[in-house]
Structures are given as C-alpha cells and as structure tokens.
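Visitor: Please show me the model. I have some questions ready.

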Amino acid sequence: MIVYLAIFVVFFVLFGLYVLVGPKLWRPRVSVAASREIRKTWEQVEMQTDPHRKIMESAALLDRTLKEAGFTGTLGDKWKRASVYAGNTDAVWKAIKLRNVLAHEIGSKVSENEAAWVMEVFSKAMGTFLR
C-alpha cells in the first residue's frame, strides 16, 4: 500500500512540475540565424522617430518571430497559440489591439509613451522565442 502511495505522490509531483514548468522548458525556438536577423532589424525599428511606425514595425517583427518559431495564421492566431509559453500575455493582447486600431482606423494617433510601452511588451514576448 505504501509503495502505491509513493508512486502516486511521485507521479503527482512530476505531473505538477510538467504542467507548471514544462511549456516554458520545451517552448518552440527561432533558429540562431533568424534570431540574429530579427535582433538586427529590431535595432533599426528602435531608431524610428514616428511612434505609429514603431508600433507597426515592431508588431511585424513579433509576427515574424512567431512564424519563425513555427506558429501559423494571423498575428492574433499565432499569439493565441504562443501565449502559453510567455508570461506577459495580457499586455501583448492590449498591444496587438492598439496595433489593430492604428492599422484599421483612419486618423488614429499614438503617443511616444504608448509606442515605448508597445516596444517593451513586444520585445519581452519575442525574447521568449529568440535564441
């Protein structure tokens, strides 16, 4: 009886560790070469002075990163699947929604602070998959 209990406890602990930590350990990764290219392009995006363009280009880089990691669909579809591996999911969704407003609503404005926030959020999300 004690042996069965010990096996159950070990199984339960291992399963719990897998559920809590597993996805972060075995997450899809972008190749080294693609990671290097994405980082290089990111530096160019950071140099942009137009906040609208910063957001649009950083969203495009997040999209490219997720594609290189093996996710398919729109940026939203990719993030829906990829978010299990990242920690700042709500912030990324808000940043994607802001990007969508800029892309689809004529005359929409964005501040430097909002652009800096989006860049920070997307950078953290991309870092989850880059090498």
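Visitor: Is Phe71 buried or exposed?

Guide: This is a predicted model. Buried means under 20% relative accessible area. Phe71 has a relative accessible area of 9%, so Phe71 is buried.

Visitor: How many aromatic pairs does the count come to?

Guide: Rings pair if their centres lie within 6.5 Å. By this rule the count comes to three.

Visitor: How many residues apart are Phe71 and Tyr85?

Guide: Phe71 sits in the loop between helix H3 (51-68) and helix H4 (75-82). Tyr85 sits in the loop between H4 and helix H5 (89-104). The pair links distant parts of the chain, and the residues are apart by 14.

Visitor: What kind of aromatic pair do Tyr85 and Phe129 form?

Guide: The centre-to-centre distance between Tyr85 and Phe129 is 6.3 Å. The angle between the planes is 80 degrees. Planes over 60 degrees apart count as edge-to-face. The pair of Tyr85 and Phe129 is edge-to-face.

Visitor: How many residues apart in sequence are the parts that Tyr85 and Phe129 tie together?

Guide: Tyr85 lies in the loop between H4 and H5. Phe129 lies in the segment after H6. So the pair ties together parts whose separation in sequence, in residues, is 44.

Visitor: Is Phe129 buried or exposed?

Guide: Phe129 is at 0% relative accessibility. The cut-off for buried is under 20%. Phe129 therefore counts as buried.

Visitor: Which residues do ring pairs link into a cluster?

Guide: Phe71 and Tyr85 form a tilted pair. Tyr85 and Phe129 form an edge-to-face pair. The cluster is made of Phe71, Tyr85 and Phe129.

Visitor: How do the elements run from the N terminus on?

Guide: The protein has six helices and zero strands. From the N terminus on, the elements run α-α-α-α-α-α.

Visitor: Are H2 and H6 roughly parallel or roughly antiparallel?

Guide: The axes of helix H2 (residues 32-46) and helix H6 (residues 112-127) come within 13 Å. They cross at roughly 175 degrees. Angles over 145 count as roughly antiparallel. H2 and H6 are therefore roughly antiparallel.

Visitor: How many nonpolar residues does the contact of H2 with H6 have?

Guide: In H2, the residues are Ile38, Trp42, Val45 and Glu46. In H6, they meet Met119, Phe122, Ser123 and Met126. By class, one residue is polar and one is charged; the nonpolar residues come to six.

Visitor: Are H3 and H6 roughly parallel or roughly antiparallel?

Guide: The axes of H3 and H6 are 9 Å apart. The helices pack at an angle of about 10 degrees. Angles under 35 degrees count as roughly parallel. That makes H3 and H6 roughly parallel.

Visitor: How many nonpolar residues does the contact of H3 with H6 have?

Guide: Residues in H3 that meet H6 include Ile55, Leu61 and Leu62. Their partners in H6 include Val118, Met119 and Phe122. By class, two residues are polar and three are charged; the nonpolar count is eleven.

Visitor: Which residues does Ala125 touch, not counting residues up to four places away in sequence?

Guide: Ala125 is in helix H6. With a relative accessible area of 0%, Ala125 is buried. Its C-alpha atom is separated by 9.2 Å from that of Tyr85, 40 residues apart along the chain. Outside its sequence neighbours up to four places away, Ala125 touches Leu62, Trp79, Asn88 and Val92.

Visitor: Is Lys78 buried or exposed?

Guide: Lys78 belongs to helix H4. Not counting residues up to four places away in sequence, Lys78 touches Asp63, Leu66, Lys67, Phe71, Thr72 and Gly73. Its relative accessible area is 5%, so Lys78 is buried.

Visitor: What separates Gly73 and Asp63 in space, C-alpha to C-alpha?

Guide: Gly73 lies in the loop between H3 and H4. At 48% relative accessibility, Gly73 counts as partly exposed. Gly73 and Asp63 are ten residues apart in sequence; in space, C-alpha to C-alpha, the separation is 9.5 Å.

Conventions. Residues are numbered from 1 along each chain as its sequence is written. This is a predicted model: local features need pLDDT of at least 70, side-chain atom pairs count only at pLDDT 80 or more; totals for chains, interfaces and linings use all residues. Side-chain values use heavy atoms; hydrogens and water are left out. Axes are lines fitted to C-alpha atoms, for helices over the stretch in contact, and angles run from 0 to 180 degrees between N-to-C directions. Helices (H or I, at least four residues) and strands (E, at least two) are DSSP runs, numbered from the N terminus. Angles under 35 degrees count as roughly parallel, over 145 as roughly antiparallel, 65 to 115 as roughly perpendicular and the rest as oblique. Contact means heavy atoms within 4.5 Å. Ala, Val, Leu, Ile, Met, Phe, Trp, Tyr, Cys and Pro count as nonpolar, Asp, Glu, Lys and Arg as charged, and the others, Gly among them, as polar. Rings of Phe, Tyr and Trp (its six-membered ring) pair if their centres lie within 6.5 Å; planes under 30 degrees apart count as stacked, over 60 as edge-to-face and the rest as tilted. Buried means under 20% relative accessible area, exposed over 50%, partly exposed in between (1.4 Å probe, protein chains only).
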